[in-house]
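Welcome! Open the model in your viewer, keep the selection tool at hand, and follow the stops below.

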Amino acid sequence: MQIGETVLSGYAALAPMAGVTDRAFREICLEYGASYVVSEMVSSKGLTMHDRKSGMLMTLGEKENNAAVQIFGCEPDTMAEAAKKAEQSGCIAVDINMGCPAPKVAGHGGGSALMKSPELAAKITEAVVNAVRVPVTCKIRTGWDDEHLNAVEMALMLQQAGASALTIHGRTRKQMYAPPVNYDMIKAVCDALTIPVIGNGDIEDIESAKHMYEYTGCDFIMIGRGALGCPWLFSQINEYFTLGEVKTNPSVEEKMEVMLRHITRLCEYKGDYVGIREARKHAGWYTKGMRGAASFRRDIGALESIDQLKALAEKIIKSRIE
């Protein structure tokens, strides 16, 4: 797939997830075959008011050659100014969040609230497109609720406004993240647009990736929660669609090595105090489904240092051998 002048190899991208897709996680996913990654969503108002935290959210590392910065808001002029700042990060695209269902975002007119105002969404897109040189992409949902499934109408307007690609999450705002995914609506958007369409929603293994591609006819897929504690999913998907088989099946030892590498980097970028506390959720995801996971969770909840995490990793590996 191609976004602007950037040709993406591989088959899947990492979706933006607040509190998750920070620099450390993005880099790990890129190392494991993610074609491109998207930052945590950044407040347009925060950026234009020079908020330090907002600025840090869009900091890209040297290894992030294929990264987009996602911004949110509901004011065209503010979004345009924020996009200019996002462009300075070295990103390959500026992504506009039109799908976040969180009350603190949608309740203030941003995110999925824009599904109720497609004309405003188009004005925002046009303003951002005119403000930056990099491509502009948008991420939407199927609609606000089942009575207002307007994704096709809105997608056409965003394409007309200058969007270079569009991601559609196959749920309404009312659904939040509850099943089912509306593959028919994703397909309808794919059929209607001439720009690339990226399918998103419940892609967590080879079968769900294959179904998204084959059923909807999308140009690309985007993985969110399926990558939590499982960054090698991108390599597995690339192998399957390239070779017809999956060769990347990491052992428990390898999974623990990736977890330690990820969290060490997280602490390096954010400091030990913040990093190790954020590490607790990642460690929970890396150990999900393992024998003894319940007891591991108790240890994870009490983590205070990298050394404790290393000891836990050794305990997990030993429990699998015995």
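A crossing of two helices is called right-handed if the near helix is turned clockwise from the far one by less than a right angle, and left-handed if anticlockwise. Keep in mind that what you see is a predicted model.

**Stop one: helices 4 and 6.** Select residues 76–87, which are helix 4, and residues 118–131, which are helix 6. Their axes come within 8 Å and cross at roughly 40°, so the two helices are oblique to each other. Helix 4 and helix 6 make a right-handed crossing. Now show side chains: on helix 4, the contact uses P76, M79, A80, A83, K84 and E87, while helix 6 brings L120, K123, I124, A127, V128 and A131. Coloured by class, this contact has nine nonpolar and three charged residues, with no polar ones.

**Stop two: helices 8 and 9.** Next, select residues 183–192 for helix 8 and 206–216 for helix 9. Here the axes come within 9 Å and cross at roughly 50°, which makes helix 8 oblique to helix 9. This crossing is right-handed. Look for Y183, D184, I186, K187 and C190 on helix 8, facing H211, M212, Y215 and T216 of helix 9 in the contact. By class, five are nonpolar, two polar and two charged.

**Stop three: a pocket.** Which residues line the second largest pocket? Select S43, S44, K45, F72, G73, C74, E75, K104, V105, H108 and G110. Helix 2 (44–48) and helix 5 (103–106) each give two or more residues to this lining. The pocket has a volume of about 180 Å³, and its lining divides into three nonpolar, five polar and three charged residues.

Technical notes. Residues are numbered from 1 along each chain as its sequence is written. This is a predicted model: local features need pLDDT of at least 70, side-chain atom pairs count only at pLDDT 80 or more; totals for chains, interfaces and linings use all residues. Side-chain values use heavy atoms; hydrogens and water are left out. On a 1 Å grid over the protein atoms alone, a cavity is a set of points where a 1.4 Å probe fits but cannot get out, and a pocket is an open set with protein on both sides within 12 Å along at least five of seven lines; lining residues have an atom within 4 Å of a point. Grid points are joined across faces, edges and corners, and a volume is the space filled by probe spheres set on the points. Helices (H or I, at least four residues) and strands (E, at least two) are DSSP runs, numbered from the N terminus. Ala, Val, Leu, Ile, Met, Phe, Trp, Tyr, Cys and Pro count as nonpolar, Asp, Glu, Lys and Arg as charged, and the others, Gly among them, as polar. Axes are lines fitted to C-alpha atoms, for helices over the stretch in contact, and angles run from 0 to 180 degrees between N-to-C directions. Angles under 35 degrees count as roughly parallel, over 145 as roughly antiparallel, 65 to 115 as roughly perpendicular and the rest as oblique. Contact means heavy atoms within 4.5 Å.
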